[in-house]
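Reader: I have the sequence and the model open. Take me through the backbone and the ligand site, please.

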Amino acid sequence: AVRELGGSGLAREIRARAAADAAELADSGVTPGLAVVVATDDESSAWYVRSIARAAGKAGIDCRTVDLGAGAEVERIRAALETLSADESVHGIILQTPLPAGAHFEDLASAIDPRKDVDGANPVSLGNLAAGLPAYPPATAAAVLELLDHHEVELAGRNCVVVGRSNVVGKPVAQLLLQRDATITVCHRHTPELTAFTPDADVLVVAVGKPGLITDKHVRDGAIVIDVGTNPTADGGLVGDVDPSVQVAGLTPVPGGVGPVTTALLLQHTVWSATRSVRRLRHAAGAQPRTGSEH
Ligand code: NAD
């Protein structure tokens, strides 16, 4: 039998912890603030933003959507990110995709203060992650690791294969697995034959966006498979990249796997960022030079 590596229970735990931490901050007069910058009229993006706002509200996070419209100019988006980066009531900033034609995600995300980059979008965050310095990983990449830990999957010394090499999923997942002492292979669209690599995986992470890409011939029985893919179906549903009939040791469901954990981690990162900002402000206040005369 294939073990279902669900994410809903884990997501609930993370949300509850974030809510408890937010309540503690509220006692000292600070409400964690999350800003989502939108420059698209894409339906699934709108759905995602609404679900983040709802979850944030329940966790005691003040979530604002900055909707610049699908025709927003690049400089306007950049200016919005800079303003939010300087706004003390904002602790987390998300730049939603897709972006208008001509806008480059990584370029714009450079305008997000890394301390508020709760979805690891600024290339500086990815660089820090690779160098082992503090950084928020993209929430989806962090969700993959949280799921593996939650389901007690060993990583040190294991063979991990990541399919997909985007800056938001494949690359940071590979970095996070590397930090955990796994051996990593990254496959992508120019990999001639996935079956040359994926059957060696103890842990297979798939983040491509192609339904049915991974079938039985790609996996061995004992593998743990994390399906990051989300592909809308004609009937309004959602499927992953992995054929759900694969015979493996464990598989994350789509929906109900990586997705809910991703949203929960965005909230957690935002509350952490707020906590850190409160500490910084306290520290700065405590370190003020004394005034008055000292004879
Ligand atoms: P992307 O389009 O930026 O990257 C896709 C990657 O897949 C690329 O690196 C490409 O080289 C690789 N690829 C394409 N065809 C391939 C093939 N035939 N064989 C091997 N590799 C191939 O996508 P992304 O933003 O990384 O997202 C990947 C998937 O994850 C999408 O389905 C997306 O919707 C989903 N996603 C889910 C969440 C979540 O929270 N669950 C979050 C982000 C992305």
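Reader: Between which two elements is the loop that holds P98?
Author: This is a predicted model, where local features need pLDDT of at least 70, side-chain atom pairs count only at pLDDT 80 or more, and totals for chains, interfaces and linings use all residues. Residues are numbered from 1 along each chain as its sequence is written. Helices (H or I, at least four residues) and strands (E, at least two) are DSSP runs, numbered from the N terminus. The loop with P98 runs between β4 (92-95) and α4 (105-109).

Reader: What is omega at the cis peptide bond of T97 and P98?
Author: Most peptide bonds are trans. T97 and P98 are joined by a cis bond. Its omega is about 0°.

Reader: Which residue does a cis peptide bond join to P255?
Author: P255 sits in the loop between β11 (250-251) and α8. The cis bond there has an omega of about -5°. The partner of P255 is V254.

Reader: Is E152 buried or exposed?
Author: E152 lies in the loop between α6 and β5 (159-163). Its phi is positive, about 55°, although E152 is not a glycine. A residue is buried if 20 or more other C-beta atoms lie within 10 Å of its own, exposed if 12 or fewer, and partly exposed in between, with C-beta atoms placed from the backbone. E152 has 6 other C-beta atoms within 10 Å, so E152 is exposed.

Reader: How many C-beta neighbours does D181 have inside 10 Å?
Author: D181 is in the loop between α7 and β6 (183-187). Its phi is positive too, near 70°. D181 counts as exposed because its C-beta neighbours inside 10 Å number 10.

Reader: What arc do the buried residues of α5 fall within?
Author: Helix α5 (residues 123-131) buries S125, L126 and L129. They line one face of the helix, because seen down the axis of α5 (by directions from the helix axis to the C-beta atoms) they fall within an arc of 100°.

Reader: Which helix gives the most to the shell around the ligand?
Author: A residue is near a molecule if its C-beta atom, placed from the backbone, lies within 6 Å of it. Of the 24 residues around the ligand, S166, H188, R189, G209 and T262 come nearest. With three residues, the top contributor is helix α8 (residues 258-286).
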